[in-house]
Amino acid sequence: LLTDAANANPDDPDLMVLMGRTFLQAELLDESEQAFMKLLEVDKSRFEYLLQLARKFVDIGQHDRAVGIVETCTEIMIARRQETRGVELLLSVTEFDPYHVRARQCLVNIYARMNETQELANALNDLADAALQNNDRI
């Protein structure tokens, strides 16, 4: 029924929200992500739904997917001065995996954009530690 409604009204943001939330509750995370990504294309102000999905990915241990969503939303969050929401998600990832390089890189990016020098310095140190632990180049 939702799919039929979506096909009839492909650019309806409220319908995209309904679909994404329904899929999220049903644990159909790929479908939820598709709906929320389409929503972001139509209405960037509704990025918070993607962040809810990212939280779910953190909770189930799919950290790379959570970080990818935060990366997608970073510019929007910064423009709206809501970057702390992304920071909180990334810090949740690093609580589970202190050496998650991509999460550390994203934190560095956000802190640099926010001109938060102390947090940036700490994040750079943490990124270096993570890279050394993973034998990665940064």
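Contact here means heavy atoms within 4.5 Å. With that cut-off, and leaving out residues up to four places away in sequence, Leu 50 touches Phe 36, Met 37, Leu 40, Ile 69 and Cys 73. What you have is a predicted model, where local features need pLDDT of at least 70 and side-chain atom pairs count only at pLDDT 80 or more, while totals for chains, interfaces and linings use all residues. Residues are numbered from 1 along each chain as its sequence is written, and side-chain values use heavy atoms, with hydrogens and water left out.

**The nonpolar core**

- The largest nonpolar core holds 36 residues. A core of this kind is a set of buried Ala, Val, Leu, Ile, Met, Phe, Trp, Tyr and Cys residues joined through side-chain atoms within 4.5 Å.
- "Buried" is under 20% relative accessible area, "exposed" is over 50%, and "partly exposed" is in between (1.4 Å probe, protein chains only).
- The residues with the most contacts inside this core are Phe 47, Leu 50, Leu 53, Ile 69, Val 70, Cys 73 and Leu 90.
- Two or more core residues come from each of α2 (13-25), α3 (29-42), α4 (48-59), α5 (63-79), α6 (83-96), α7 (101-114) and α8 (117-134). Helices (H or I, at least four residues) and strands (E, at least two) are DSSP runs, numbered from the N terminus.

**One aromatic pair**

- A search of the whole structure turns up one aromatic pair. Rings of Phe, Tyr and Trp (its six-membered ring) pair if their centres lie within 6.5 Å; planes under 30 degrees apart count as stacked, over 60 as edge-to-face and the rest as tilted.
- The partners are Phe 36 and Tyr 49, and they are stacked, at 5.6 Å centre to centre with 20° between the planes.
- Phe 36 sits in helix α3 and Tyr 49 in helix α4, so the pair ties together parts 13 residues apart in sequence.
- Phe 36 and Tyr 49 are both buried.

**Cysteines**

- The disulfide count is zero, using a cut-off of two cysteine sulfur atoms within 2.5 Å.
- Why no bond for Cys 73? Its sulfur is 10.0 Å from the closest cysteine sulfur, in Cys 106, and that is too far.
- Cys 106 is likewise in no disulfide, with the sulfur of Cys 73 as its nearest cysteine sulfur.
- Cys 73 is buried at 0% relative accessibility, and Cys 106 is buried at 4%.

**Salt bridges**

- Side chains of opposite charge can pair when their charged atoms come close.
- The whole structure has nine salt bridges, each being a side-chain nitrogen of Lys or Arg within 4 Å of a carboxyl oxygen of Asp or Glu.
- Arg 65 and Asp 30 form one of them, at 2.7 Å from N to O. This pair links distant parts of the chain, with Arg 65 in helix α5 and Asp 30 in helix α3, 35 residues apart.
- Arg 65 is partly exposed at 29% relative accessible area, and Asp 30 is partly exposed at 46%.
- Asp 126 and Arg 104 form another, at 3.2 Å from N to O. Here Asp 126 is in helix α8 and Arg 104 in helix α7, 22 residues apart.
- Asp 126 counts as partly exposed at 29%, whereas Arg 104 counts as buried at 11%.
- Arg 46 and Asp 43 also meet in a salt bridge, at 3.2 Å from N to O. Asp 14, Asp 43 and Arg 46 are linked in a salt-bridge network.

**His 100 and its surroundings**

- His 100 is in the loop between α6 and α7, yet it counts as buried at 7% relative accessibility.
- Beyond its neighbours within four places in sequence, His 100 is in contact with His 63, Asp 64, Val 67 and Val 93.
- A polar atom of the His 100 side chain lies 3.1 Å from the backbone nitrogen of Ala 103.
- His 100 and Asn 134 are 34 residues apart in sequence and 8.6 Å apart in space, C-alpha to C-alpha.

**Positive phi in the loops**

- Arg 81, in the loop between α5 and α6, has phi near 55°, a positive value in a residue other than glycine. Arg 81 is exposed at 74%.
- Asn 115, in the loop between α7 and α8, has a positive phi too, near 60°. Asn 115 is exposed at 65%.

Notes
A polar contact is a pair of N or O atoms within 3.5 Å; within protein, one must be able to donate a hydrogen and the other to accept it, and residues adjacent in sequence count only if both atoms are side-chain atoms.
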